[in-house]
Amino acid sequence: MTAVAEHTVAPRVREFLSGTRQLYIGGEWVDAASGRVFATYDPATGDKLTDVAHGAAEDVDRAVRAARKAFDEGPWPTMKAAERERMIWRVGDLLTERAEEFGQLEALDNGKSAVIAAAVDTAWSADIFRYYAGWATKIEGSTVNVTMPFVPGGEFHAYTLREPVGVCGLIVPWNFPLLMAAFKLAPALAAGNTVILKPAEQTPLTALLLAEIFEEAGFPPGVVNIVPGFGDAGAALAAHDDVDKIAFTGSTEVGKKVVDAAKGNLKKVSLELGGKSPNIVFADADFDAAVAGSLDAWLFNHGQCCVAGTRLFVERPIFEKFTEAVAEAASKVKIGPGLDPATQLGPLVSQEQLDRVTGYLRQGLTDGARALTGGKRWGDKGFFVEPTVLVDVQPDFSVVREEIFGPVVAAMPFDADEGITAAANDSIYGLAAGIWTRDLSKAHRTARRLKAGSVWINQYNGFDTAMPFGGFKQSGWGRELGAGALDLYTQTKAVNIAL
């Protein structure tokens, strides 16, 4: 571990990292069937943290069988909704109690600030479990006044039931390992499903620590199973004929592969995929607020955020002043390891991601972009990249069109008389957008015209557990969070009785 980690890491975290972490299947900690393990690393140093059991297709099959048994035969399907509610609520309470532990482990495995990981990722995850705990007792059907005109004189009693889908495969990414798991686990469990969670191979540790929480909360064996592994494990889960539903968060490219794999048994699929979000600053915006918010739009989580506002459109009269202010603020950001409380910008998650982001930077500069600040790797140890503001870009540059997933923003001017929505919508993605203006009529008009699942006005990253989240176009299918997420994990049964 890093020198900072040696002085500040909690004893329980150090103990967690001291041995090989196993798979969690059927309520038991088990080795991978192959006996293989893989290493996970601290991205601030490149040093190994610990070994993790290497789940593969045979392990996925074991987990699916455990989940199927728990759904069909175990106490889960007959448990009263109020009992599920209490268990899921308990998960939220335990996360709150162990927030520092989860924050430090996330910092070590992912690179993000431990302070933010505890105060945002873990705290919000706890809130999500409590929110959906309350929904467990409120999933209802309805009565239907049927007419049945082709059955003269008949009387009928018709109603609907909302039932769990069954066994759900949940595949989550490395940028918000704990939080993305909560996005899926909480509504799936509240609806009465059993699950197999496959965390990203780069960041499996908080998912495995979460298994301890489920054990302590009293979940029956097989209800929650956790199988770390690589792409082959995710592919096996997506293709498994005894999985009824797959929920995936990750890149659009991999999302398309998930869809192909899932078509064998036509399982339900929901996808939260990539983005290249526009952040629009009108000349009448609150300048200082827009600078701070626009900085957060693309630097939050080191730019490793699917909603990142990495296409910065600024109205021409303030373009030069505004971009210089953003660049100056970015240049002052404190870079360092996640366990340093002063860190504002941590490392990227892996060497692969470092190579990807620096490759985009080189290409952008070669194409003719100019960096107002940043533009290269930071330091010679760990996977750090300088926060980078690019100007003099064109719409066809790769740094404008493609998702970089790093601390890089491409800024472009626009003229009010030409409008902005056409340029903002010129993307295969449609996940999020930001608007900065004092004119609320202009804000509402622009919001209506943007093709994005979330539009934030005079703020960015305006998430709430009760607000639906998902994308238009190639940013995905379905909506997570809010009441609507329950639609992803339930199915409707129509019952019609002749009286």
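Biologist: Let's begin with Glu315, where is it placed?
Modeller: In this predicted model, Glu315 is part of strand E13, which covers residues 311-315.

Biologist: Is Glu315 buried or exposed, and which side chain of opposite charge is nearest?
Modeller: Glu315 is buried but has no salt bridge, and the nearest side chain of opposite charge, that of Lys442, is 4.9 Å away.

Biologist: Moving on to the second largest pocket, how much space lies in it?
Modeller: The second largest pocket holds about 400 Å³ of space. It is lined by 27 residues, and those closest to its centre are Phe313, Val393, Ala411, Met412 and Pro413.

Biologist: Which element gives the most to that lining?
Modeller: That is H12, which contributes five residues to the lining of the second largest pocket. Helix H12 spans 316-331, and the elements that each supply at least two lining residues also include E13, strand E14 (370-373) and strand E16 (408-414).

Biologist: Where does Phe405 sit?
Modeller: Phe405 is in the loop between H14 and E16, and its phi is positive, at about 65°, although Phe405 is not a glycine. Phe405 has a relative accessible area of 15%, which is under the 20% cut-off, so this residue counts as buried.

Biologist: What about the phi of Met148?
Modeller: The phi of Met148 is near 45°, again a positive value in a residue other than glycine, and Met148 lies in the loop that runs between strand E5 (143-144) and strand E6 (156-164).

Biologist: Now helix H7, why is it largely enclosed?
Modeller: H7 is largely enclosed by the rest of the structure because 14 of its 14 residues are buried. The helix covers residues 177-190 and reaches 20 Å from its first C-alpha to its last, close to the 20 Å expected. Just after H7 comes Gly192, with a positive phi of about 100°.

Biologist: Last one, is Glu73 buried or exposed?
Modeller: Glu73 is exposed, with a relative accessible area of 61%, and it lies in the loop between helix H3 (57-72) and helix H4 (81-97). From C-alpha to C-alpha, Glu73 and Asp244 are 16 Å apart in space, while in sequence they are 171 residues apart.

Conventions. Residues are numbered from 1 along each chain as its sequence is written. This is a predicted model: local features need pLDDT of at least 70, side-chain atom pairs count only at pLDDT 80 or more; totals for chains, interfaces and linings use all residues. Side-chain values use heavy atoms; hydrogens and water are left out. Helices (H or I, at least four residues) and strands (E, at least two) are DSSP runs, numbered from the N terminus. Buried means under 20% relative accessible area, exposed over 50%, partly exposed in between (1.4 Å probe, protein chains only). Lys and Arg count as positive and Asp and Glu as negative; His and the chain ends are not counted. A salt bridge is a side-chain nitrogen of Lys or Arg within 4 Å of a carboxyl oxygen of Asp or Glu. The expected span of a helix is 1.5 Å times one less than its number of residues. On a 1 Å grid over the protein atoms alone, a cavity is a set of points where a 1.4 Å probe fits but cannot get out, and a pocket is an open set with protein on both sides within 12 Å along at least five of seven lines; lining residues have an atom within 4 Å of a point. Grid points are joined across faces, edges and corners, and a volume is the space filled by probe spheres set on the points.
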